[in-house]
Amino acid sequence: MNESAAKRLKTGPKIGTHSGHFHADEALAVHMLRMLPTYHNSELIRTRDPELLATCHTVVDVGGEYDAQRNRYDHHQRGFTATFPGRSTKLSSAGLVYKHFGKAIVAQRLGAGVAEDAPEVELLHNKLYESFVEALDAHDNGISVYDPAGISAAGLEKRHSESGFTLAAVVGRLNPNWNDERPSDPLEAQEAEDAKFHVASRRIGEEFERDLDYYATAWLPARSIVQTAFDKRAEFDPEGRILVFEGQSVPWKDHLYTLEDGKPTVLYVLYPESTAPGAKWRIQCVPESKDSFLSRKPLPEAWRGFRDQELDGITGIEGCVFVHAAGFIGGNRTFEGVKQMATKALE
(Lines give C-alpha, C1' and ligand atoms only; values in the text may rest on other atoms or scores of the structure.)
Protein backbone atom coordinates (compact mmCIF):
# COMPACT_ATOMS: atom_id res chain seq x y z
CA MET A 1 0.00 0.00 0.00
CA ASN A 2 1.45 3.37 -0.91
CA GLU A 3 1.41 6.36 1.41
CA SER A 4 -1.60 8.08 -0.17
CA ALA A 5 -3.67 4.92 0.09
CA ALA A 6 -2.59 4.33 3.69
CA LYS A 7 -3.81 7.81 4.65
CA ARG A 8 -7.39 6.69 3.93
CA LEU A 9 -7.32 4.32 6.89
CA LYS A 10 -9.41 5.66 9.76
CA THR A 11 -7.18 4.32 12.54
CA GLY A 12 -3.44 4.04 12.91
CA PRO A 13 -2.35 0.71 11.43
CA LYS A 14 -0.47 -1.63 13.75
CA ILE A 15 3.30 -1.83 13.33
CA GLY A 16 5.07 -5.07 14.15
CA THR A 17 8.71 -5.79 14.87
CA HIS A 18 10.61 -8.44 16.79
CA SER A 19 10.92 -8.70 20.54
CA GLY A 20 14.20 -9.30 22.36
CA HIS A 21 17.48 -7.46 21.77
CA PHE A 22 16.80 -4.45 19.58
CA HIS A 23 19.02 -2.72 17.03
CA ALA A 24 19.38 0.66 15.40
CA ASP A 25 17.76 -0.36 12.11
CA GLU A 26 14.31 -1.35 13.40
CA ALA A 27 14.41 1.44 16.00
CA LEU A 28 14.82 3.96 13.17
CA ALA A 29 12.38 2.14 10.89
CA VAL A 30 9.62 2.43 13.48
CA HIS A 31 10.40 6.09 14.12
CA MET A 32 10.35 6.95 10.42
CA LEU A 33 6.96 5.32 10.00
CA ARG A 34 5.59 7.27 12.95
CA MET A 35 6.75 10.54 11.38
CA LEU A 36 3.96 10.08 8.82
CA PRO A 37 0.34 10.97 9.66
CA THR A 38 -0.74 7.45 8.75
CA TYR A 39 1.30 5.86 11.52
CA HIS A 40 1.57 8.70 14.00
CA ASN A 41 -0.66 7.01 16.57
CA SER A 42 0.02 3.42 15.55
CA GLU A 43 0.31 0.70 18.14
CA LEU A 44 3.62 -1.17 18.14
CA ILE A 45 3.63 -4.95 18.61
CA ARG A 46 7.03 -6.42 19.48
CA THR A 47 6.87 -10.18 19.07
CA ARG A 48 8.22 -13.13 17.13
CA ASP A 49 4.86 -14.92 17.10
CA PRO A 50 3.81 -15.31 13.43
CA GLU A 51 0.12 -15.23 14.37
CA LEU A 52 0.49 -11.89 16.15
CA LEU A 53 2.63 -10.47 13.34
CA ALA A 54 -0.08 -11.47 10.88
CA THR A 55 -2.46 -9.06 12.63
CA CYS A 56 -0.10 -6.13 11.94
CA HIS A 57 -0.56 -3.83 8.97
CA THR A 58 3.18 -3.18 8.62
CA VAL A 59 6.01 -5.43 9.81
CA VAL A 60 9.69 -4.47 9.95
CA ASP A 61 12.85 -6.52 10.61
CA VAL A 62 11.06 -9.80 11.29
CA GLY A 63 8.92 -12.34 9.46
CA GLY A 64 11.35 -13.38 6.73
CA GLU A 65 9.51 -11.49 4.00
CA TYR A 66 10.05 -8.43 1.84
CA ASP A 67 6.87 -7.46 0.02
CA ALA A 68 6.16 -3.75 -0.23
CA GLN A 69 2.64 -4.42 -1.51
CA ARG A 70 1.87 -6.17 1.77
CA ASN A 71 3.99 -3.80 3.89
CA ARG A 72 6.47 -6.51 4.90
CA TYR A 73 10.00 -5.17 5.31
CA ASP A 74 12.40 -7.85 6.56
CA HIS A 75 15.91 -8.39 5.21
CA HIS A 76 17.09 -11.54 6.99
CA GLN A 77 15.75 -14.10 4.52
CA ARG A 78 18.07 -16.06 2.27
CA GLY A 79 18.45 -14.51 -1.16
CA PHE A 80 17.61 -10.96 -0.07
CA THR A 81 19.70 -8.51 -2.12
CA ALA A 82 17.68 -5.28 -2.27
CA THR A 83 19.62 -2.01 -2.32
CA PHE A 84 18.83 1.70 -2.48
CA PRO A 85 18.84 3.11 -6.04
CA GLY A 86 22.38 3.91 -7.11
CA ARG A 87 23.98 2.32 -4.04
CA SER A 88 25.43 -1.16 -3.49
CA THR A 89 24.88 -1.63 0.27
CA LYS A 90 22.31 -4.29 1.12
CA LEU A 91 19.35 -2.76 2.93
CA SER A 92 18.29 -3.35 6.51
CA SER A 93 14.77 -2.66 7.77
CA ALA A 94 15.73 1.03 8.10
CA GLY A 95 16.80 1.20 4.47
CA LEU A 96 13.70 -0.66 3.31
CA VAL A 97 11.35 1.71 5.10
CA TYR A 98 13.33 4.72 3.92
CA LYS A 99 13.34 3.45 0.34
CA HIS A 100 9.55 3.18 0.27
CA PHE A 101 8.48 5.99 2.62
CA GLY A 102 11.47 8.35 2.57
CA LYS A 103 10.18 10.68 -0.12
CA ALA A 104 6.90 11.09 1.74
CA ILE A 105 8.85 11.90 4.91
CA VAL A 106 11.06 14.45 3.14
CA ALA A 107 8.16 16.11 1.32
CA GLN A 108 6.17 16.39 4.54
CA ARG A 109 9.16 17.96 6.30
CA LEU A 110 9.61 20.53 3.53
CA GLY A 111 5.94 21.49 3.82
CA ALA A 112 4.21 24.10 1.66
CA GLY A 113 2.58 21.40 -0.43
CA VAL A 114 5.85 20.09 -1.87
CA ALA A 115 5.15 17.01 -3.98
CA GLU A 116 6.98 13.72 -3.46
CA ASP A 117 8.28 13.84 -7.05
CA ALA A 118 9.73 17.36 -6.69
CA PRO A 119 13.44 17.64 -7.65
CA GLU A 120 14.42 18.90 -4.19
CA VAL A 121 12.74 15.88 -2.59
CA GLU A 122 14.68 13.54 -4.86
CA LEU A 123 17.94 15.32 -4.03
CA LEU A 124 17.34 15.22 -0.26
CA HIS A 125 16.07 11.63 -0.38
CA ASN A 126 19.35 10.49 -1.94
CA LYS A 127 21.52 12.69 0.26
CA LEU A 128 19.98 11.59 3.55
CA TYR A 129 20.31 7.94 2.59
CA GLU A 130 24.01 8.31 1.78
CA SER A 131 24.79 10.44 4.83
CA PHE A 132 22.69 8.70 7.48
CA VAL A 133 20.68 5.59 6.65
CA GLU A 134 23.26 3.68 4.61
CA ALA A 135 25.68 3.38 7.55
CA LEU A 136 22.94 1.68 9.60
CA ASP A 137 22.18 -0.69 6.73
CA ALA A 138 25.84 -1.60 6.46
CA HIS A 139 26.28 -2.07 10.20
CA ASP A 140 23.23 -4.31 10.56
CA ASN A 141 24.29 -6.44 7.60
CA GLY A 142 27.90 -6.72 8.77
CA ILE A 143 29.37 -4.72 5.89
CA SER A 144 32.65 -2.95 6.67
CA VAL A 145 33.44 0.55 5.45
CA TYR A 146 36.64 -0.80 3.90
CA ASP A 147 37.29 -4.18 2.34
CA PRO A 148 38.74 -6.33 5.16
CA ALA A 149 40.92 -8.31 2.74
CA GLY A 150 42.37 -5.10 1.33
CA ILE A 151 43.10 -3.76 4.80
CA SER A 152 44.77 -7.00 5.81
CA ALA A 153 46.85 -7.10 2.64
CA ALA A 154 48.03 -3.55 3.28
CA GLY A 155 48.98 -4.43 6.84
CA LEU A 156 46.79 -1.68 8.31
CA GLU A 157 45.66 -1.72 11.94
CA LYS A 158 43.19 0.48 13.75
CA ARG A 159 44.73 3.12 15.99
CA HIS A 160 41.74 3.15 18.32
CA SER A 161 38.30 1.60 18.73
CA GLU A 162 35.32 3.45 17.31
CA SER A 163 32.72 0.91 18.40
CA GLY A 164 31.23 3.20 21.04
CA PHE A 165 31.07 6.18 18.72
CA THR A 166 28.28 5.05 16.38
CA LEU A 167 24.51 5.47 16.46
CA ALA A 168 24.22 1.70 16.48
CA ALA A 169 26.24 1.68 19.72
CA VAL A 170 24.02 4.40 21.21
CA VAL A 171 20.93 2.28 20.53
CA GLY A 172 22.64 -0.91 21.67
CA ARG A 173 23.46 0.58 25.07
CA LEU A 174 19.76 1.19 25.68
CA ASN A 175 19.01 -2.56 25.71
CA PRO A 176 18.50 -4.22 29.10
CA ASN A 177 21.70 -5.63 30.58
CA TRP A 178 21.95 -9.37 30.97
CA ASN A 179 21.85 -9.12 34.76
CA ASP A 180 19.14 -6.46 35.10
CA GLU A 181 16.25 -7.51 37.29
CA ARG A 182 13.41 -8.72 35.08
CA PRO A 183 9.74 -8.85 36.12
CA SER A 184 8.55 -12.40 36.69
CA ASP A 185 5.27 -11.75 34.91
CA PRO A 186 5.83 -12.22 31.13
CA LEU A 187 3.52 -9.34 30.18
CA GLU A 188 5.24 -6.95 32.58
CA ALA A 189 8.65 -8.10 31.36
CA GLN A 190 7.68 -7.43 27.74
CA GLU A 191 6.27 -4.01 28.64
CA ALA A 192 9.53 -3.10 30.38
CA GLU A 193 11.55 -4.21 27.35
CA ASP A 194 9.21 -2.33 24.99
CA ALA A 195 9.62 0.84 27.06
CA LYS A 196 13.37 0.70 26.49
CA PHE A 197 12.80 0.18 22.78
CA HIS A 198 10.59 3.27 22.59
CA VAL A 199 13.38 5.31 24.21
CA ALA A 200 15.86 3.95 21.67
CA SER A 201 13.53 4.63 18.75
CA ARG A 202 12.98 8.22 19.85
CA ARG A 203 16.71 8.71 20.44
CA ILE A 204 17.85 7.63 16.99
CA GLY A 205 14.80 9.30 15.48
CA GLU A 206 15.85 12.63 16.94
CA GLU A 207 19.23 12.31 15.21
CA PHE A 208 17.55 11.40 11.93
CA GLU A 209 15.20 14.38 12.13
CA ARG A 210 18.07 16.68 13.04
CA ASP A 211 19.98 15.57 9.95
CA LEU A 212 16.89 15.89 7.77
CA ASP A 213 16.27 19.43 9.02
CA TYR A 214 19.91 20.38 8.44
CA TYR A 215 19.93 19.15 4.86
CA ALA A 216 16.52 20.70 4.12
CA THR A 217 17.09 24.12 5.71
CA ALA A 218 20.87 24.68 5.46
CA TRP A 219 22.50 22.28 3.02
CA LEU A 220 19.96 22.57 0.20
CA PRO A 221 19.75 26.41 0.18
CA ALA A 222 23.56 26.51 -0.02
CA ARG A 223 23.54 24.74 -3.38
CA SER A 224 22.70 27.83 -5.44
CA ILE A 225 25.33 29.90 -3.60
CA VAL A 226 28.04 27.33 -4.35
CA GLN A 227 26.86 27.20 -7.95
CA THR A 228 27.25 30.99 -8.28
CA ALA A 229 30.75 30.93 -6.78
CA PHE A 230 31.71 27.97 -8.98
CA ASP A 231 30.58 29.79 -12.11
CA LYS A 232 32.69 32.85 -11.19
CA ARG A 233 35.89 31.05 -10.18
CA ALA A 234 37.76 32.00 -13.37
CA GLU A 235 37.57 35.64 -12.23
CA PHE A 236 40.06 34.84 -9.47
CA ASP A 237 42.26 32.28 -11.23
CA PRO A 238 42.32 31.53 -14.98
CA GLU A 239 42.44 27.79 -14.26
CA GLY A 240 39.52 27.94 -11.81
CA ARG A 241 41.53 26.75 -8.83
CA ILE A 242 40.20 29.38 -6.39
CA LEU A 243 36.56 29.48 -5.22
CA VAL A 244 35.39 32.64 -3.46
CA PHE A 245 32.30 33.16 -1.32
CA GLU A 246 31.91 36.91 -1.37
CA GLY A 247 29.05 37.20 1.11
CA GLN A 248 29.44 34.37 3.62
CA SER A 249 30.59 30.79 3.81
CA VAL A 250 28.09 27.97 3.34
CA PRO A 251 28.34 24.15 3.44
CA TRP A 252 30.20 23.69 0.16
CA LYS A 253 32.04 20.37 -0.04
CA ASP A 254 29.22 18.10 -1.26
CA HIS A 255 28.03 20.66 -3.77
CA LEU A 256 31.52 21.40 -5.06
CA TYR A 257 32.32 17.74 -5.70
CA THR A 258 29.03 17.37 -7.54
CA LEU A 259 29.61 20.47 -9.67
CA GLU A 260 33.12 19.34 -10.55
CA ASP A 261 31.59 16.13 -11.90
CA GLY A 262 34.68 14.01 -11.37
CA LYS A 263 37.06 16.66 -12.72
CA PRO A 264 38.67 18.24 -9.63
CA THR A 265 40.04 21.70 -10.28
CA VAL A 266 39.36 23.80 -7.17
CA LEU A 267 42.21 23.79 -4.67
CA TYR A 268 41.38 26.66 -2.30
CA VAL A 269 38.15 28.14 -0.98
CA LEU A 270 38.14 31.72 0.32
CA TYR A 271 35.42 33.12 2.56
CA PRO A 272 34.84 35.80 5.21
CA GLU A 273 34.67 34.62 8.82
CA SER A 274 31.33 36.41 9.28
CA THR A 275 29.00 38.87 7.58
CA ALA A 276 30.13 41.72 9.87
CA PRO A 277 31.87 44.70 8.19
CA GLY A 278 35.63 44.30 8.18
CA ALA A 279 35.49 40.57 8.93
CA LYS A 280 38.68 38.59 8.54
CA TRP A 281 39.03 36.09 5.70
CA ARG A 282 39.89 32.40 5.63
CA ILE A 283 41.60 30.23 3.06
CA GLN A 284 40.66 26.55 3.26
CA CYS A 285 42.18 23.74 1.24
CA VAL A 286 39.78 21.43 -0.60
CA PRO A 287 40.05 17.86 0.77
CA GLU A 288 40.77 14.99 -1.58
CA SER A 289 37.32 13.65 -0.66
CA LYS A 290 34.51 14.74 1.64
CA ASP A 291 35.70 12.73 4.64
CA SER A 292 39.43 12.96 3.96
CA PHE A 293 41.95 14.79 6.13
CA LEU A 294 44.28 15.05 3.13
CA SER A 295 44.13 18.22 1.06
CA ARG A 296 44.43 18.38 -2.71
CA LYS A 297 47.15 21.01 -2.22
CA PRO A 298 48.03 21.95 1.39
CA LEU A 299 49.29 25.42 2.17
CA PRO A 300 53.11 25.66 1.95
CA GLU A 301 54.99 23.81 4.66
CA ALA A 302 57.10 26.88 5.46
CA TRP A 303 53.96 28.80 6.51
CA ARG A 304 52.51 26.19 8.84
CA GLY A 305 52.23 26.90 12.54
CA PHE A 306 53.13 30.60 12.25
CA ARG A 307 51.01 33.66 13.04
CA ASP A 308 50.64 37.41 12.59
CA GLN A 309 53.74 39.50 11.81
CA GLU A 310 56.06 36.51 11.85
CA LEU A 311 53.88 34.91 9.19
CA ASP A 312 53.81 38.20 7.24
CA GLY A 313 57.60 38.06 7.04
CA ILE A 314 57.63 34.43 5.89
CA THR A 315 54.95 34.85 3.22
CA GLY A 316 55.76 38.40 2.15
CA ILE A 317 52.04 39.18 2.51
CA GLU A 318 50.64 41.77 4.91
CA GLY A 319 47.79 41.05 7.30
CA CYS A 320 48.34 37.33 7.83
CA VAL A 321 46.58 35.91 10.88
CA PHE A 322 47.62 32.25 10.96
CA VAL A 323 48.23 29.04 9.06
CA HIS A 324 47.29 25.81 10.82
CA ALA A 325 50.14 23.43 11.64
CA ALA A 326 48.51 20.81 9.39
CA GLY A 327 48.38 23.25 6.48
CA PHE A 328 44.69 22.84 5.65
CA ILE A 329 43.47 26.32 6.64
CA GLY A 330 44.76 29.84 7.20
CA GLY A 331 43.58 33.41 7.56
CA ASN A 332 44.22 37.03 6.68
CA ARG A 333 42.68 40.32 7.77
CA THR A 334 41.54 41.24 4.26
CA PHE A 335 40.25 39.63 1.08
CA GLU A 336 43.19 40.98 -0.92
CA GLY A 337 45.56 39.45 1.61
CA VAL A 338 43.92 36.04 1.61
CA LYS A 339 43.77 36.08 -2.20
CA GLN A 340 47.51 36.74 -2.30
CA MET A 341 48.01 33.75 0.05
CA ALA A 342 46.05 31.56 -2.37
CA THR A 343 47.98 32.84 -5.39
CA LYS A 344 51.36 32.26 -3.75
CA ALA A 345 50.28 28.83 -2.48
CA LEU A 346 49.39 27.83 -6.05
CA GLU A 347 53.00 28.47 -7.05
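Trainee: In what order do the five strands of the open sheet lie?
Mentor: This is a predicted model, with residues numbered from 1 along each chain as its sequence is written; local features need pLDDT of at least 70, side-chain atom pairs count only at pLDDT 80 or more, and totals for chains, interfaces and linings use all residues. Side-chain values use heavy atoms, with hydrogens and water left out. Strands are DSSP runs of E (at least two residues), helices are runs of H or I (at least four), both numbered from the N terminus, and two strands pair if DSSP finds at least two bridges between them. The pairing in this open sheet is mixed, and the order is β6-β7-β8-β10-β9.

Trainee: Which strands are the edge strands?
Mentor: Look for a strand that pairs on one side only. The twist from one strand to the next averages 20 degrees. The edge strands are β6 (242–244) and β9 (320–323).

Trainee: How many bridges join β8 to β10?
Mentor: Strands of a sheet pair through backbone hydrogen bonds, either parallel or antiparallel. β8 (residues 281–285) and β10 (residues 329–332) run antiparallel. Within this pairing, I283 stands opposite G330, and R282 has G331 as its bridge partner. The number of bridges from β8 to β10 is four.

Trainee: Is β8 mostly covered or mostly open?
Mentor: Judge by relative accessible area: buried is under 20%, exposed is over 50%, and partly exposed is in between (1.4 Å probe, protein chains only). Across the chain, buried residues make up 43% of the 347 residues. In β8, four of the five residues are buried, and the strand is mostly covered.

Trainee: What kind of aromatic pair do Y73 and F101 form?
Mentor: Rings of Phe, Tyr and Trp (its six-membered ring) pair if their centres lie within 6.5 Å; planes under 30 degrees apart count as stacked, over 60 as edge-to-face and the rest as tilted. By this rule there are 14 aromatic pairs, and one of them is Y66 with Y73, tilted, at 6.4 Å centre to centre and 40 degrees between the planes. For Y73 and F101 the centres are 5.9 Å apart and the planes stand at 75 degrees, so the pair is edge-to-face.

Trainee: How many residues apart are Y73 and F101?
Mentor: Y73 lies in strand β5 (residues 72–73), and F101 lies in helix α4 (residues 93–110). The pair links distant parts of the chain. Y73 and F101 are both buried. Their separation is 28 residues.

Trainee: Is Y66 buried or partly exposed?
Mentor: Y66 belongs to a cluster of linked ring pairs with Y39, Y73, F80 and F101. Y73 has a relative accessible area of 1% and is therefore buried. Y66 comes to 28%, so Y66 is partly exposed.

Trainee: Over which ring does the charged end of R233 sit?
Mentor: A charge sits over a ring if NZ of Lys or CZ of Arg is within 6 Å of the ring centre and within 35 degrees of the ring normal. K253 does this over W252, 5.9 Å from the ring centre. The charged end of R233 sits 3.7 Å from the centre of its ring, which belongs to F230.

Trainee: Why do α5 and α8 count as oblique?
Mentor: Axes are lines fitted to C-alpha atoms over the stretch in contact, and angles run from 0 to 180 degrees between N-to-C directions. Under 35 degrees counts as roughly parallel, over 145 as roughly antiparallel, 65 to 115 as roughly perpendicular and the rest as oblique. The axes of α5 (residues 119–140) and α8 (residues 186–231) come within 10 Å and cross at roughly 140 degrees. α5 and α8 are therefore oblique.

Trainee: Is the crossing of α4 and α8 right-handed or left-handed?
Mentor: α4 and α8 pack with their axes 11 Å apart, at about 60 degrees. That angle makes the two helices oblique. A crossing is left-handed if the near helix is turned anticlockwise from the far one by less than a right angle, and right-handed if clockwise. α4 passes α8 in a crossing that is right-handed.
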